[in-house]
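Here are my notes for someone opening this entry for the first time. Have the sequence and the model side by side as you go through the points.

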Amino acid sequence: MSQYTERKINEEKFVSNVTVDHITFDTANQRYIATGDIASNSIGTITCLNSKCSVFAKNIKFECLNGLCIQPHTNNILVCNVDSSHVTVFNEQEQLLFNVNPREITHEYTHPGNVECDADGSFAVIEYSGKKIKLFTPDGKYVRTSKKNFGYLSSICYLNRQFSPSASAAAVLVGNFSQKQLCVMSNDITQLVSIVELKDYPTDICVDLNGYVCVVASDLHTCNKLCILEPRMNYAQLQIIKYSPFVNRETGICVNDCNEIALGNMSLRELRFLN
């Protein structure tokens, strides 16, 4: 196991007129891709930033956008479009490929809140209103829906098998906002493996390159925090970082290929870094 080193805030910030809601890192093209909206109106955008956070000239305008991820092997961009209930798939040149509509497939009312890809390119989608998780093949074919009816789900990520407690199976980590929990699901989302109690409301999750689980959380009153958990020690808490004045908006998180964490703050329209 890699020795844990406490993370510290890098005061370098990127500030823009475009809000930073959810964010992911595109390793192949060395850029950050974020969803948010333009400060002057409520049009959702996909914003591309290079690794030094210079804004690409091209923004793609949509309705209300939420979580996003990069698909392994294809390098496609998957984005949740809350208003249309679609997961929209783009290629790496930001050209529209196809839409996946979980509502049409399962005939259940749903709003896709966040999406995450497994190593093989298959992807899981969490629902805001349906309170469940849906699993799809890499080309967008429906596989199954989780049987457990969660509370309000805010975030999702995959934990590689080499970092899981048993070291024998990968896991799906889900932020249960309403219950202040991190739920650990089996990789095929058929079983709830364990529940990690959190003191605050989780808004986003990522796993860094050393396998530490990074949870953005808020108490909804005074501050936002980043909690660093060790899954190989029953999700023991290693560090808490209070990284900004409190703002009651969700904050996105991702890790780049240098294991640097980027934190996106919607209300302050900024990106902060932890190294």
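1. The protein chain exposes about 11700 Å², and carbon and sulfur atoms supply 48% of that area (Shrake-Rupley method, 1.4 Å probe, with only the protein chains shown counting as cover for residues). Bear in mind that this is a predicted model, where local features need pLDDT of at least 70 and side-chain atom pairs pLDDT 80 or more, while totals for chains, interfaces and linings use all residues. Residues are numbered from 1 along each chain as its sequence is written, and side-chain values use heavy atoms, leaving out hydrogens and water.

2. How much of the chain is buried? Of the 275 residues, 57% are buried (under 20% relative accessible area; over 50% is exposed, and in between is partly exposed). Take the contacts between residues at least 6 apart in sequence: 43% of them join residues at least 24 apart (a contact means heavy atoms within 4.5 Å).

3. On secondary structure, you'll find one helix and 24 strands (DSSP runs numbered from the N terminus: H or I of at least four residues for helices, E of at least two for strands).

4. Leu-173 stands opposite Val-184 in β16.

5. Most residues other than glycine have a negative phi. Gln-30, in the loop between β2 (22–26) and β3 (31–37), has a positive phi of about 50°. Asn-75, in the loop between β6 (65–70) and β7 (77–81), has one of about 65°. Gln-30 is partly exposed at 33% relative accessibility, whereas Asn-75 is buried at 12%.

6. Which residues does Asp-118 touch beyond its neighbours within four places in sequence? They are Pro-72, Tyr-158 and Asn-187. Asp-118 lies in the loop between β10 (112–117) and β11 (123–127) and is buried, at 15% relative accessible area. Tyr-158 is 40 residues away in sequence, yet the C-alpha atoms are 6.2 Å apart.

Terms used
Pairing = 2+ DSSP bridges. Buried < 20%, exposed > 50% of the residue type's maximum accessible area, 1.4 Å probe, protein only.
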